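I opened the model to go through its contacts. My notes follow in the order I looked things up.

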Amino acid sequence: MPFYDLRCKDCGKEFNIRASIKERENKEIECPSCHSRELEAVFKSVNIISSSRSDSGGYSCSSGCCGGSCGF
Ligand SMILES: [Zn+2]
């Protein structure tokens, strides 16, 4: 069974628990602190790679700082 890092929405406690996917989907997992079932997943190693960088090119530095090659 997989482990889940979960956070209780009611008391804010974060805990790691082993449960089946079925238990997770059916919200059968309870907060060990207050027994709430309002839990959300915690992702501790999120690596968001920004894809918003524009590489359209074709424009030059307006201030002339680089002779037109810096992209600004
Ligand atoms: Zn709780």
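How many salt bridges does the structure hold? I counted on a predicted model, and the structure holds three.

Entry 1: I began with Arg7. Its side chain meets that of Glu14 in a salt bridge, 3.2 Å from N to O. Arg7 also forms a salt bridge with Glu40, with the closest N and O atoms 3.0 Å apart. Glu40 sits in strand E3 and Arg7 in strand E1, so this pair ties together parts 33 residues apart in sequence. I then checked accessibility. Arg7 is partly exposed at 26%, Glu40 at 28% and Glu14 at 41%.

**Entry 2: the other bridge.** I found Arg37 paired with Glu30 in a salt bridge, 3.2 Å from N to O. Both residues are partly exposed: Arg37 has 42% relative accessibility, Glu30 32%.

**Entry 3: the zinc ion.** Which atoms coordinate the zinc ion? I listed the SG atoms of Cys8, Cys11, Cys31 and Cys34, at 2.2 to 2.3 Å. The donor atoms subtend angles of 105 to 118°, so I logged the arrangement as tetrahedral. Along the chain, the donors follow the spacing C-x2-C-x19-C-x2-C. Cys11 and Cys34 link distant parts of the chain, 23 residues apart. I placed Cys11 in the loop between strands E1 and E2, and Cys34 in the loop between helix H1 and strand E3. Cys11 is partly exposed at 39% relative accessibility. Cys34 is partly exposed too, at 34%.

Key. Residues are numbered from 1 along each chain as its sequence is written. This is a predicted model: local features need pLDDT of at least 70, side-chain atom pairs count only at pLDDT 80 or more; totals for chains, interfaces and linings use all residues. Side-chain values use heavy atoms; hydrogens and water are left out. Donors are N, O and S atoms within 2.8 Å of the metal (3.2 Å for Na, K and Ca); water is not among the atoms, so sites may look incomplete. Four donors count as tetrahedral if all angles lie between 85 and 135 degrees; four count as square planar and six as octahedral if opposite donors are over 155 degrees apart and all others between 65 and 115; anything else is irregular. Helices (H or I, at least four residues) and strands (E, at least two) are DSSP runs, numbered from the N terminus. Buried means under 20% relative accessible area, exposed over 50%, partly exposed in between (1.4 Å probe, protein chains only). A salt bridge is a side-chain nitrogen of Lys or Arg within 4 Å of a carboxyl oxygen of Asp or Glu.
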